[in-house]
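I set out to record what I looked up in this structure, taking the sheet, then a helix, then the aromatic rings.

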Amino acid sequence: MNAADAVALSTSGNQTRQEPAPKPLIAISGVEKRFGGGEIRALSDINITINEREFFTLLGPSGCGKTTLLRMIAGFEHPSSGSILLAGKNVLGLPPRARSVNMVFQNYALFPHLTVAQNIAFGMEMLNWAKFEISERVAEVLTLVRLEAYHNRKPAQLSGGQQQRVALARALAPRPQVLLLDEPLSALDMKLRKEMQFELKQLQQETGVTFVLVTHDQEEALAMSDRLAVMSAGRVQQLGTPQEIYGKPVNRFVADFIGEANLISGLLLGRQADVTFSVRPERIELATASAPARLYGILQAATFLGADTLIEVEAGGGIIRARLRGVQMAAPGSEIGLFWPDDAEWELRE
């Protein structure tokens with residue numbers, strides 16, 4: 001059986017269900033981007049495959065190259081070297097309109113003088129769709145984003161969340177194979193941002209369109225993604241599922257960038273000084289007779305957070321943070337022991 005014929009098998013009772021293996025849709029191979037006559041390297045040796053019907057995220061701090069890579073997929077930027085395939089076809093050199101790709105920008109880029117329905121219809125008009133097809137499709141996507149009652153309003157008459165939905169509807173209307181989203185939730189307040197995270201994921205699942213999201217928000221990436229690529233300094237540091245990247249970071253950058261992590265070196269018996277591993281605060285407990293201490297330290301602070309208590313313990317010249325549930329804490333300055341199971345520590349590559 002070759003890779004193209006591979007299937008995932010699962011059993012239910014006496015029946016076996018066969019599910020096709022994910023089909024690659026976007027293949028980015030050896031992509032580099034240089035500016036300033038080649039002296040400034042924005043992207044280095046990027047190799048990523050994104051599958052059909054996948055919610056994929058490019059995650060990293062500002063300036064890491066994630067938006068440049070997104071714009072390359074769209075056709076607004078061109079790599080200095082490497083290739084980008086869409087559904088097996090090399091799209092380098094093709095203008096954005098010749099790619100089955102649409103993009104949602106940070107500021108939504110809605111036309112203020114057009115109604116919601118006219119904004120959504122615009123892309124299809126540029127592609128010379130028939131009027132009756134445009135009318136039917138506008139109605140479909142308005143229902144999809146729950147804005148049927150707002151079709152005659154102008155963007156200025158909408159809330160931030162409603163404007164976001166119009167931008168999504170306009171991008172989805174021409175039925176692209178890929179929807180690219182460049183920090184689409186950054187302009188929203190926290191409560192609305194949380195709501196839109198759920199709606200974006202639900203929209204992707206309902207439409208089956210491949211979504212590629214760019215964000216610097218770790219929680220956002222973990223909540224919505226099927227897989228993600230963590231980027232830093234123009235390189236992919238790690239690629240995997242949210243669970244893999246959170247639980248098994250490959251290096252210090254990923255461990256520190258994704259959520260909270262204790263980076264521990266040379267604190268345990270039997271460990272070499274140059275070994276560093278990460279332990280998430282929620283995996284650490286107070287030592288007991290059945291869970292003997294992995295290390296001892298001096299309690300520096302305890303902060304009640306409602307569902308849990310965050311403690312900071314000085315040990316081995318550093319601070320270890322732990323999130324404890326329902327624990328009565330000793331006074332700061334007390335010596336306490338900390339325990340975590342073997343599977344809670346993950347050795348870092350560098």
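Before reading strand partners, I note the rule applied: two strands pair if DSSP finds at least two bridges between them. The model is a predicted one.

Entry on the sheet. I found 4 strands in an open sheet, ordered β4-β3-β6-β7, with antiparallel pairing. β4 (40–51) and β7 (89–90) are at the edges with a single partner strand each, so one side of each has no neighbour in the sheet. I then looked up β3 (residues 24–35), which pairs with β4 in the antiparallel sense over 8 bridges. Within this pairing, Lys33 stands opposite Leu43 in β4. Helix α1 (residues 66–74) lies across β3, β4 and β6 (81–86), and runs at about 120° to β3.

Entry on helix α4. I checked how far α4 is covered: 11 of its 13 residues are buried, among them Val166, Leu168 and Leu172. The elements covering these buried residues include α3 (131–144), α5 (190–207) and β10 (210–215).

Phe76 is in the loop between α1 and β6, and Phe105 is in the loop between β8 and α2, 29 residues apart. A further pair, Phe253 with Phe257, is stacked, at 5.3 Å and 10°. Both of these residues lie in helix α8 (residues 252–257), 4 residues apart. Phe253 is partly exposed at 26% relative accessibility, whereas Phe257 is buried at 14%. Lastly, I looked up Arg280, whose charged end sits over the ring of Tyr246, 4.0 Å from its centre.

Notes. Residues are numbered from 1 along each chain as its sequence is written. This is a predicted model: local features need pLDDT of at least 70, side-chain atom pairs count only at pLDDT 80 or more; totals for chains, interfaces and linings use all residues. Side-chain values use heavy atoms; hydrogens and water are left out. Helices (H or I, at least four residues) and strands (E, at least two) are DSSP runs, numbered from the N terminus. Contact means heavy atoms within 4.5 Å. Axes are lines fitted to C-alpha atoms, for helices over the stretch in contact, and angles run from 0 to 180 degrees between N-to-C directions. Buried means under 20% relative accessible area, exposed over 50%, partly exposed in between (1.4 Å probe, protein chains only). Rings of Phe, Tyr and Trp (its six-membered ring) pair if their centres lie within 6.5 Å; planes under 30 degrees apart count as stacked, over 60 as edge-to-face and the rest as tilted. A charge sits over a ring if NZ of Lys or CZ of Arg is within 6 Å of the ring centre and within 35 degrees of the ring normal.
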